[in-house]
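The sequence and structure come first.

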Amino acid sequence: MSHLMVDFAQERQMLQALKFLPVPRAPVIDLTESLVADNCVTLVWHMPDEDSKIDHYVLEYRRTNFEGPPRLKEDQPWMVIEGIRQTEYTLTGLKFDMKYMNFRVKACNKAVAGEFSEPVTLETPAFMFRLDASTSHQNLRVDDLSVEWDAMGGKVQDMKAREKDGKGRTASPINSPARGTPSPKRMPSGRGGRDRFTAESYTVLGDTLIDGGEHYWEVRYEPDSKAFGVGVAYRSLGRFEQLGKTAASWCLHVNNWLQVSFMAKHANKVKVLDAPVPDCLGVHCDFHQGLLSFYNARTKQVLHTFKTRFTQPLLPAFTVWCGSFQVTTGLQVPSSVRCLQKRGSATSSSNTSLT
């Protein structure tokens, strides 16, 4: 046999019948339609050309403190969301503890993924602060955004433990682990030795000044706490002064000692509140408007509003006796709160007896 012939006709037909999917083009993110509100981000994009073969999209995002185009190297990793069927997606329940977020998206068909879109950077404005352990009463044990009252002197015990470990460092931002770019309004850490608050002023302050704009934060306290208070104070608040006892502070106060009471306090004036005591309180401060409002953080019911004129920068202020609480920061002012303020509901006559 001098010749050998192979018939590939059937295979040729099979190969010719194959349909190869093209690589999808990169989507385009539409910044005019994208939205940042209520600690949520809605990102909208479109394909540069109609492509009926797109099966799904992949969205990636990361937090950053740098404005402008995303940098090649960042401390924060890209977070991935796969299987998105529409050309928009909403991220919910975010904590904005950094100033910006980077986003990018790519399209995928049944065979292959395309290139990422041009990345975009969105600003995520929110009020971020920490509790300043250097300002706390010696009976308060401060751990980041949590505080627990300790009859044995939590602050003193913590200092002794650090000295025993050979660390001997305070909880100042300088010695703390990196948490992003410090705010220019962040207060310097207090000096050791003399307590910032003493006697029955079981108080701790936030570390970031409020001298303009609108800010919102929430605090959840242990229901079994015998006494708890949340509000704002001037830096001039005296070391023996309890929140709401002088003109230097405004607060909502819960007392579970002997009998339950729920009241607004300022300048030693008290207004008893006729409302159930929520387990989580929202605080909204509009510095320029002179409004300090307290809400049920879950229902956004207005509990009380102080209408005044702030003459000095403010600090978030907290007090607790025989109990504990947890603060949540990095929150935007909720849209429902803004709507209530615009309608004037938060400044009704029933809430303005204290100034």
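The charged end of lysine 226 lies over the ring of tryptophan 321, 5.6 Å from the ring centre. Arginine 71 likewise has its charged end over the ring of phenylalanine 66, 3.6 Å from the centre. A charge is taken to sit over a ring if NZ of Lys or CZ of Arg is within 6 Å of the ring centre and within 35 degrees of the ring normal.

The model is predicted: local features need pLDDT of at least 70, side-chain atom pairs count only at pLDDT 80 or more, and totals for chains, interfaces and linings use all residues. Residues are numbered from 1 along each chain as its sequence is written, and side-chain values use heavy atoms, with hydrogens and water left out.

**Strand E20 and its sheet**

Helices (H or I, at least four residues) and strands (E, at least two) are DSSP runs, numbered from the N terminus. Tryptophan 321 is the bridge partner, in E20, of alanine 227. Of the 8 residues of E20 (residues 314-321), 7 are buried, so the strand is largely enclosed by the rest of the structure. Buried means under 20% relative accessible area, exposed over 50%, and partly exposed in between (1.4 Å probe, protein chains only).

E20 belongs to an open sheet of 6 strands with antiparallel pairing, in the order E11-E20-E13-E14-E15-E16. E11 and strand E16 (269-272) are at the edges with a single partner strand each, so one side of each has no neighbour in the sheet. On average, neighbouring strands of this sheet are turned by 20° against each other, direction ignored. Such axes are lines fitted to C-alpha atoms, for helices over the stretch in contact, and angles run from 0 to 180 degrees between N-to-C directions.

| Strand | Partner | Bridges |
|---|---|---|
| E11 (residues 203-205) | E20 | 3 bridges |
| E13 (residues 227-234) | E20 | 8 bridges |
| E12 (residues 214-221) | E17 | 7 bridges |
| E18 (residues 291-296) | E17 | 6 bridges |

Within E20, phenylalanine 318 stands opposite valine 204, and threonine 319 stands opposite glycine 229.

**Aromatic rings**

Rings of Phe, Tyr and Trp (its six-membered ring) pair if their centres lie within 6.5 Å; planes under 30 degrees apart count as stacked, over 60 as edge-to-face and the rest as tilted. The count comes to 15 aromatic pairs. The centres of phenylalanine 129 and phenylalanine 318 are 6.5 Å apart and their planes are at 25°, so this pair is stacked. Phenylalanine 129 is in the loop between strand E8 (120-123) and strand E9 (140-143), and phenylalanine 318 is in strand E20, 189 residues apart. Both are buried. One aromatic cluster is formed by Phe127, Phe129, Trp217, Tyr221, Phe228, Phe318 and Phe325.

**Strand E17**

In strand E17 (residues 280-286), 7 of 7 residues are buried. In a regular strand, side chains alternate between the two faces of the sheet. Cys280, Gly282, His284 and Asp286 on one side of E17, and Leu281, Val283 and Cys285 on the other, are all buried. Aspartate 286 is the bridge partner of glutamate 214, and leucine 291 in E18 is also a bridge partner of aspartate 286. The hairpin of E17 and E18 has 4 residues between the strands, and glycine 290 there takes a positive phi near 70°.

**Aspartate 150**

Aspartate 150 is in the loop between strand E10 (146-149) and helix H2 (154-164). Its relative accessibility is 17%, so aspartate 150 counts as buried. Its side chain makes a polar contact of 2.7 Å with that of arginine 141, and reaches the backbone nitrogen of methionine 152 at 2.9 Å. A polar contact is a pair of N or O atoms within 3.5 Å; within protein, one must be able to donate a hydrogen and the other to accept it, and residues adjacent in sequence count only if both atoms are side-chain atoms.

Key
Two strands pair if DSSP finds at least two bridges between them.
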